[in-house]
Amino acid sequence: MKKIEAIIKPFKLDEVKEGLAAIGVQGLTVSEVKGFGRQKGHTELYRGAEYEIDFLPKIKIEIAVSDDKFEPVIDTIQEKAKTGKIGDGKIFVYDVDKVVRIRTGEMGDSAI
């Protein structure tokens with residue numbers, strides 16, 4: 001099993017969610033996060049004063065999938081979240097040793 005974490009631009013969430021639903025992803029977790037990479041933030045003007053915005057708003061999506069499904073999930077996220085501009089985000093993939101559904105006690109792929 002794999003856990004996929006994707007950091008994307010907030011306005012791309014609906015597009016990514018619909019793309020994942022189309023390939024059969026049944027569940028995901030979404031968090032509002034802030035951060036920066038090469039983008040390094042930007043400067044904003046507010047009431048005549050300039051402010052450096054270091055941390056930009058992003059969305060973090062977390063998905064657990066079986067080993068045979070993680071490549072299509074990655075491809076879908078990359079396709080739907082891409083704008084071609086700096087700050088599009090990153091995708092991280094982790095191995096998952098064990099998953100347990102709390103309600104039923106199911107384990108492994110059936111618990112996803």
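Analyst: The largest nonpolar core has 16 residues, and Ile8, Ile61, Ile63, Val73 and Ile77 have the most contacts inside it. Such a core is a set of buried Ala, Val, Leu, Ile, Met, Phe, Trp, Tyr and Cys residues joined through side-chain atoms within 4.5 Å; buried means under 20% relative accessible area, exposed over 50%, partly exposed in between (1.4 Å probe, protein chains only). Two or more residues each come from strand 1 (2-8), helix 1 (13-22), strand 5 (56-65) and helix 2 (70-81). Helix 2 gives the most, with five residues. Helices (H or I, at least four residues) and strands (E, at least two) are DSSP runs, numbered from the N terminus.

This is a predicted model: local features need pLDDT of at least 70, side-chain atom pairs count only at pLDDT 80 or more, and totals for chains, interfaces and linings use all residues. Residues are numbered from 1 along each chain as its sequence is written, and side-chain values use heavy atoms, with hydrogens and water left out.

Leaving aside neighbours within four places in sequence, valine 73 is in contact (heavy atoms within 4.5 Å) with Ile4, Leu20, Ile23, Val25, Ile63 and Val65.

In helix 1, Leu13, Val16, Gly19 and Leu20 are buried. Seen down the axis of helix 1, these residues fall within an arc of 135°, so they line one face; the arc is that of the directions from the helix axis to the C-beta atoms. Their cover includes strand 1, strand 2 (29-35), strand 5 and helix 2. The face of helix 1 turned away from the buried side carries the exposed residues Glu18, Ala21 and Ala22.
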